[in-house]
Amino acid sequence: MLQPDEKKKFVREKFSAISPKYDLLNSLLSMQIDRYWRWKTTRLLQEFPAGQVLDLCAGTMPLSLELTRQAKQRLVLAVDFCEDMLRAGAKVLPDDDRKPRIFPVCGDGEEIPAPSDTFWGCTVAFGVRNLARTQQGLNEMHRILKPTGKLLILEFSRPTNLLVKPVYNFYLNKVLPTVAGMVSGDKEAYEYLASSIAAFYEPEELLSMMREAGFSHVERKSMTFGIVSIYVGVK
Ligand SMILES: C[S@@+](CC[C@H](N)C(=O)[O-])C[C@H]1O[C@@H](n2cnc3c(N)ncnc32)[C@H](O)[C@@H]1O
(Lines give C-alpha, C1' and ligand atoms only; values in the text may rest on other atoms or scores of the structure.)
Protein backbone atom coordinates (compact mmCIF):
# COMPACT_ATOMS: atom_id res chain seq x y z
CA MET A 1 0.00 0.00 0.00
CA LEU A 2 1.31 3.45 -0.94
CA GLN A 3 2.00 6.15 1.64
CA PRO A 4 -0.02 9.38 1.08
CA ASP A 5 2.83 11.29 -0.59
CA GLU A 6 3.70 8.30 -2.79
CA LYS A 7 0.03 7.98 -3.82
CA LYS A 8 -0.04 11.68 -4.70
CA LYS A 9 3.02 11.34 -6.93
CA PHE A 10 1.67 8.16 -8.55
CA VAL A 11 -1.77 9.69 -9.21
CA ARG A 12 -0.34 12.90 -10.67
CA GLU A 13 2.00 10.98 -12.97
CA LYS A 14 -0.75 8.61 -14.14
CA PHE A 15 -3.15 11.43 -15.01
CA SER A 16 -0.36 13.31 -16.71
CA ALA A 17 0.39 10.24 -18.87
CA ILE A 18 -3.22 9.70 -19.96
CA SER A 19 -4.19 13.39 -20.22
CA PRO A 20 -4.17 13.59 -24.07
CA LYS A 21 -6.61 10.64 -24.31
CA TYR A 22 -8.64 11.20 -21.11
CA ASP A 23 -11.79 12.68 -22.68
CA LEU A 24 -11.90 10.14 -25.50
CA LEU A 25 -11.53 7.22 -23.10
CA ASN A 26 -14.09 8.65 -20.71
CA SER A 27 -16.79 8.76 -23.37
CA LEU A 28 -15.79 5.44 -24.90
CA LEU A 29 -15.62 3.44 -21.68
CA SER A 30 -18.72 4.86 -20.05
CA MET A 31 -20.67 4.81 -23.34
CA GLN A 32 -21.32 8.53 -22.74
CA ILE A 33 -23.30 7.91 -19.54
CA ASP A 34 -20.75 10.11 -17.77
CA ARG A 35 -22.38 13.09 -19.47
CA TYR A 36 -25.70 12.25 -17.80
CA TRP A 37 -23.98 11.83 -14.40
CA ARG A 38 -22.37 15.28 -14.67
CA TRP A 39 -25.65 16.81 -15.87
CA LYS A 40 -27.49 15.33 -12.90
CA THR A 41 -24.83 16.51 -10.42
CA THR A 42 -24.96 20.04 -11.81
CA ARG A 43 -28.76 20.12 -11.56
CA LEU A 44 -28.39 19.80 -7.80
CA LEU A 45 -26.80 23.28 -7.70
CA GLN A 46 -29.85 24.93 -9.29
CA GLU A 47 -30.49 27.11 -6.26
CA PHE A 48 -27.21 28.97 -6.86
CA PRO A 49 -27.42 29.98 -10.55
CA ALA A 50 -25.14 33.02 -10.23
CA GLY A 51 -22.77 32.06 -7.43
CA GLN A 52 -19.14 31.10 -7.80
CA VAL A 53 -18.40 27.37 -7.81
CA LEU A 54 -15.12 25.58 -7.16
CA ASP A 55 -14.75 22.46 -9.27
CA LEU A 56 -12.10 20.40 -7.50
CA CYS A 57 -10.07 17.68 -9.24
CA ALA A 58 -11.42 19.32 -12.38
CA GLY A 59 -9.11 17.43 -14.75
CA THR A 60 -9.93 18.32 -18.36
CA MET A 61 -12.88 20.34 -16.96
CA PRO A 62 -15.92 18.43 -18.31
CA LEU A 63 -17.89 19.23 -15.14
CA SER A 64 -16.78 22.89 -15.21
CA LEU A 65 -18.23 23.04 -18.73
CA GLU A 66 -21.55 21.58 -17.62
CA LEU A 67 -21.65 23.93 -14.61
CA THR A 68 -21.25 26.97 -16.87
CA ARG A 69 -23.64 25.54 -19.50
CA GLN A 70 -26.52 25.17 -17.05
CA ALA A 71 -26.15 28.64 -15.48
CA LYS A 72 -25.18 31.53 -17.74
CA GLN A 73 -23.85 33.78 -14.96
CA ARG A 74 -21.92 31.17 -13.03
CA LEU A 75 -18.15 31.48 -12.61
CA VAL A 76 -16.10 28.34 -12.02
CA LEU A 77 -12.66 27.99 -10.48
CA ALA A 78 -11.35 24.68 -11.85
CA VAL A 79 -8.66 23.32 -9.53
CA ASP A 80 -6.46 20.30 -10.24
CA PHE A 81 -2.94 19.35 -9.18
CA CYS A 82 -2.08 17.85 -12.58
CA GLU A 83 -1.19 20.69 -14.91
CA ASP A 84 -1.23 18.42 -17.96
CA MET A 85 -4.90 17.52 -17.37
CA LEU A 86 -5.87 21.21 -17.11
CA ARG A 87 -3.81 22.04 -20.20
CA ALA A 88 -5.37 19.19 -22.21
CA GLY A 89 -8.83 20.50 -21.27
CA ALA A 90 -7.97 24.16 -21.85
CA LYS A 91 -6.76 23.35 -25.37
CA VAL A 92 -10.21 22.09 -26.40
CA LEU A 93 -12.47 24.38 -24.36
CA PRO A 94 -15.20 25.43 -26.81
CA ASP A 95 -14.88 29.04 -27.87
CA ASP A 96 -18.28 30.10 -26.57
CA ASP A 97 -19.72 32.05 -23.61
CA ARG A 98 -18.48 29.42 -21.14
CA LYS A 99 -14.77 29.82 -21.79
CA PRO A 100 -14.35 33.25 -20.10
CA ARG A 101 -16.22 31.97 -17.04
CA ILE A 102 -13.92 29.01 -16.33
CA PHE A 103 -10.66 29.74 -14.49
CA PRO A 104 -8.23 26.79 -14.41
CA VAL A 105 -5.84 26.81 -11.44
CA CYS A 106 -3.16 24.29 -10.60
CA GLY A 107 -3.47 23.36 -6.93
CA ASP A 108 -3.84 20.60 -4.38
CA GLY A 109 -7.27 19.56 -3.11
CA GLU A 110 -5.81 18.88 0.30
CA GLU A 111 -4.66 22.50 0.53
CA ILE A 112 -7.07 24.36 -1.75
CA PRO A 113 -5.56 27.62 -3.05
CA ALA A 114 -8.67 29.70 -2.28
CA PRO A 115 -9.93 31.81 0.63
CA SER A 116 -12.43 30.53 3.20
CA ASP A 117 -16.21 31.13 2.97
CA THR A 118 -16.08 32.10 -0.71
CA PHE A 119 -18.03 29.64 -2.91
CA TRP A 120 -21.72 28.71 -3.09
CA GLY A 121 -20.86 25.32 -4.49
CA CYS A 122 -17.99 22.87 -4.47
CA THR A 123 -18.08 19.95 -6.90
CA VAL A 124 -15.76 16.96 -7.21
CA ALA A 125 -16.33 14.46 -10.02
CA PHE A 126 -14.36 11.23 -9.81
CA GLY A 127 -11.70 12.98 -7.76
CA VAL A 128 -12.32 12.22 -4.08
CA ARG A 129 -11.24 8.60 -4.58
CA ASN A 130 -7.88 9.88 -5.80
CA LEU A 131 -7.12 12.10 -2.83
CA ALA A 132 -4.30 10.77 -0.67
CA ARG A 133 -5.82 12.26 2.50
CA THR A 134 -9.59 12.16 2.02
CA GLN A 135 -10.57 13.71 5.37
CA GLN A 136 -8.18 16.61 4.85
CA GLY A 137 -9.67 17.21 1.41
CA LEU A 138 -13.23 17.19 2.81
CA ASN A 139 -12.18 19.65 5.54
CA GLU A 140 -10.81 21.94 2.84
CA MET A 141 -14.01 21.68 0.76
CA HIS A 142 -15.94 22.73 3.85
CA ARG A 143 -13.58 25.64 4.54
CA ILE A 144 -13.89 27.28 1.11
CA LEU A 145 -17.72 27.10 1.00
CA LYS A 146 -19.90 29.94 2.21
CA PRO A 147 -22.28 29.05 5.05
CA THR A 148 -25.30 27.25 3.43
CA GLY A 149 -23.11 26.48 0.39
CA LYS A 150 -23.35 22.98 -1.08
CA LEU A 151 -20.85 20.19 -1.68
CA LEU A 152 -21.54 17.67 -4.46
CA ILE A 153 -19.30 14.66 -4.85
CA LEU A 154 -19.82 12.43 -7.88
CA GLU A 155 -17.94 9.19 -7.39
CA PHE A 156 -17.90 5.53 -8.38
CA SER A 157 -19.46 3.13 -5.92
CA ARG A 158 -19.80 -0.63 -5.97
CA PRO A 159 -23.10 -2.09 -7.23
CA THR A 160 -24.71 -4.52 -4.81
CA ASN A 161 -27.28 -6.06 -7.17
CA LEU A 162 -26.34 -9.74 -7.58
CA LEU A 163 -26.96 -9.70 -11.32
CA VAL A 164 -25.16 -6.44 -12.03
CA LYS A 165 -22.16 -7.03 -9.75
CA PRO A 166 -20.37 -9.84 -11.68
CA VAL A 167 -20.90 -8.17 -15.06
CA TYR A 168 -19.65 -4.86 -13.73
CA ASN A 169 -16.59 -6.45 -12.06
CA PHE A 170 -15.68 -8.29 -15.23
CA TYR A 171 -15.96 -5.08 -17.24
CA LEU A 172 -13.98 -3.04 -14.71
CA ASN A 173 -11.17 -5.54 -14.07
CA LYS A 174 -10.76 -7.16 -17.49
CA VAL A 175 -12.36 -5.25 -20.37
CA LEU A 176 -11.62 -1.72 -19.26
CA PRO A 177 -7.84 -1.98 -18.54
CA THR A 178 -7.30 -3.89 -21.78
CA VAL A 179 -9.23 -1.48 -24.04
CA ALA A 180 -8.01 1.63 -22.21
CA GLY A 181 -4.46 0.27 -22.17
CA MET A 182 -4.52 -0.12 -25.95
CA VAL A 183 -5.89 3.38 -26.55
CA SER A 184 -3.86 5.28 -23.92
CA GLY A 185 -0.74 3.12 -23.89
CA ASP A 186 -0.98 2.97 -20.07
CA LYS A 187 -2.77 -0.16 -18.86
CA GLU A 188 -1.53 0.44 -15.29
CA ALA A 189 -3.55 3.67 -15.04
CA TYR A 190 -6.77 1.74 -15.66
CA GLU A 191 -5.79 -1.12 -13.38
CA TYR A 192 -5.39 1.62 -10.76
CA LEU A 193 -8.93 2.81 -11.59
CA ALA A 194 -10.35 -0.66 -10.83
CA SER A 195 -8.31 -1.13 -7.64
CA SER A 196 -9.09 2.39 -6.36
CA ILE A 197 -12.83 1.73 -6.78
CA ALA A 198 -12.47 -1.59 -4.93
CA ALA A 199 -10.49 0.03 -2.11
CA PHE A 200 -12.68 3.14 -1.70
CA TYR A 201 -14.84 3.81 1.36
CA GLU A 202 -18.33 2.40 1.74
CA PRO A 203 -20.96 5.10 1.09
CA GLU A 204 -21.85 5.24 4.80
CA GLU A 205 -18.18 5.82 5.71
CA LEU A 206 -17.85 8.68 3.26
CA LEU A 207 -21.07 10.27 4.56
CA SER A 208 -19.74 10.05 8.09
CA MET A 209 -16.43 11.67 7.03
CA MET A 210 -18.44 14.50 5.46
CA ARG A 211 -20.25 14.99 8.77
CA GLU A 212 -16.87 14.94 10.52
CA ALA A 213 -15.74 17.77 8.20
CA GLY A 214 -18.74 19.81 9.38
CA PHE A 215 -21.34 19.15 6.67
CA SER A 216 -25.02 18.78 7.50
CA HIS A 217 -28.02 17.48 5.46
CA VAL A 218 -25.63 14.82 4.24
CA GLU A 219 -27.09 12.25 1.83
CA ARG A 220 -26.25 9.84 -0.97
CA LYS A 221 -28.08 9.48 -4.26
CA SER A 222 -27.34 6.22 -6.02
CA MET A 223 -27.43 6.11 -9.83
CA THR A 224 -27.13 3.52 -12.63
CA PHE A 225 -27.45 0.36 -10.48
CA GLY A 226 -25.21 1.89 -7.81
CA ILE A 227 -22.22 2.15 -10.16
CA VAL A 228 -21.95 5.81 -9.21
CA SER A 229 -23.28 7.94 -6.38
CA ILE A 230 -23.74 11.63 -5.75
CA TYR A 231 -22.95 12.65 -2.18
CA VAL A 232 -24.54 15.90 -1.02
CA GLY A 233 -23.64 18.03 1.99
CA VAL A 234 -24.47 21.55 3.15
CA LYS A 235 -22.14 23.85 5.13
C1 LIG B 1 -10.69 10.95 -12.82
S2 LIG B 1 -10.11 12.59 -12.97
C3 LIG B 1 -11.60 13.48 -12.94
C4 LIG B 1 -11.59 14.70 -13.79
C5 LIG B 1 -12.91 15.41 -13.94
N6 LIG B 1 -13.41 15.91 -12.69
C7 LIG B 1 -13.97 14.57 -14.61
O8 LIG B 1 -15.13 14.64 -14.20
O9 LIG B 1 -13.68 13.86 -15.58
C10 LIG B 1 -9.44 12.88 -11.37
C11 LIG B 1 -8.63 14.15 -11.28
O12 LIG B 1 -8.30 14.37 -9.90
C13 LIG B 1 -7.05 15.03 -9.86
N14 LIG B 1 -6.51 14.93 -8.49
C15 LIG B 1 -6.20 13.82 -7.80
N16 LIG B 1 -5.72 14.14 -6.59
C17 LIG B 1 -5.75 15.50 -6.50
C18 LIG B 1 -5.39 16.42 -5.50
N19 LIG B 1 -4.90 16.04 -4.33
N20 LIG B 1 -5.57 17.73 -5.74
C21 LIG B 1 -6.07 18.16 -6.94
N22 LIG B 1 -6.41 17.33 -7.94
C23 LIG B 1 -6.26 16.01 -7.71
C24 LIG B 1 -6.24 14.30 -10.92
O25 LIG B 1 -5.13 15.05 -11.35
C26 LIG B 1 -7.30 14.11 -12.02
O27 LIG B 1 -7.26 15.16 -12.97
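The model I am reading is predicted.

*Strand pairing.* I then checked how E4 is joined to strand E5 (residues 145-156): six bridges connect them, and the two run parallel. As background, I noted that strands of a sheet pair through backbone hydrogen bonds, either parallel or antiparallel.

*Sheet.* I traced the strand order and got E3-E2-E1-E4-E5-E7-E6, an open sheet of seven strands with mixed pairing. At the edges I found E3 and strand E6 (216-223), each pairing on one side only. Ignoring direction, I have neighbouring strands of this sheet turned by 15 degrees against each other on average.

*Helix H5.* I looked for what helix H5 (residues 83-91) lies across, and the entry is E2 and E3. Against E3, I noted that H5 runs at about 155 degrees.

*Helix H4.* I asked how many of the nine residues of helix H4 (residues 62-70) are buried. The count is seven, so I put H4 down as mostly covered. I listed the buried residues as Pro62, Leu63, Ser64, Leu65, Glu66, Leu67 and Thr68. Two helices are on the list, helix H2 (22-30) and helix H3 (33-43). The strands on it are strand E1 (53-56), strand E2 (76-80), strand E3 (102-106) and strand E4 (119-125).

Is serine 64 buried or exposed? I counted 32 other C-beta atoms within 10 Å, and the cut-off for buried is 20 or more, so serine 64 is buried. Leaving out residues up to four places away in sequence, I found that serine 64 touches Asp55, Ala58, Val76, Ala78 and Ile102. I also checked serine 64 against threonine 123, which is 59 residues apart from it along the chain. Their C-alpha atoms are separated by 8.9 Å.

*Ligand shell.* I went through the 21 residues around the ligand, and those that come nearest are Cys57, Gly59, Cys82, Gly109 and Ala125. Which elements give two or more residues to this shell? I found helix H1 (4-18) and H4. The largest share, three residues, comes from H1. Sorting the shell by residue type, I got 12 nonpolar, five polar and four charged.

Methods. Residues are numbered from 1 along each chain as its sequence is written. This is a predicted model: local features need pLDDT of at least 70, side-chain atom pairs count only at pLDDT 80 or more; totals for chains, interfaces and linings use all residues. A residue is buried if 20 or more other C-beta atoms lie within 10 Å of its own, exposed if 12 or fewer, and partly exposed in between; C-beta atoms are placed from the backbone. Helices (H or I, at least four residues) and strands (E, at least two) are DSSP runs, numbered from the N terminus. Two residues are in contact if their C-beta atoms, placed from the backbone, lie within 7 Å. Two strands pair if DSSP finds at least two bridges between them. Axes are lines fitted to C-alpha atoms, for helices over the stretch in contact, and angles run from 0 to 180 degrees between N-to-C directions. A residue is near a molecule or strand if its C-beta atom, placed from the backbone, lies within 6 Å of it. Ala, Val, Leu, Ile, Met, Phe, Trp, Tyr, Cys and Pro count as nonpolar, Asp, Glu, Lys and Arg as charged, and the others, Gly among them, as polar.
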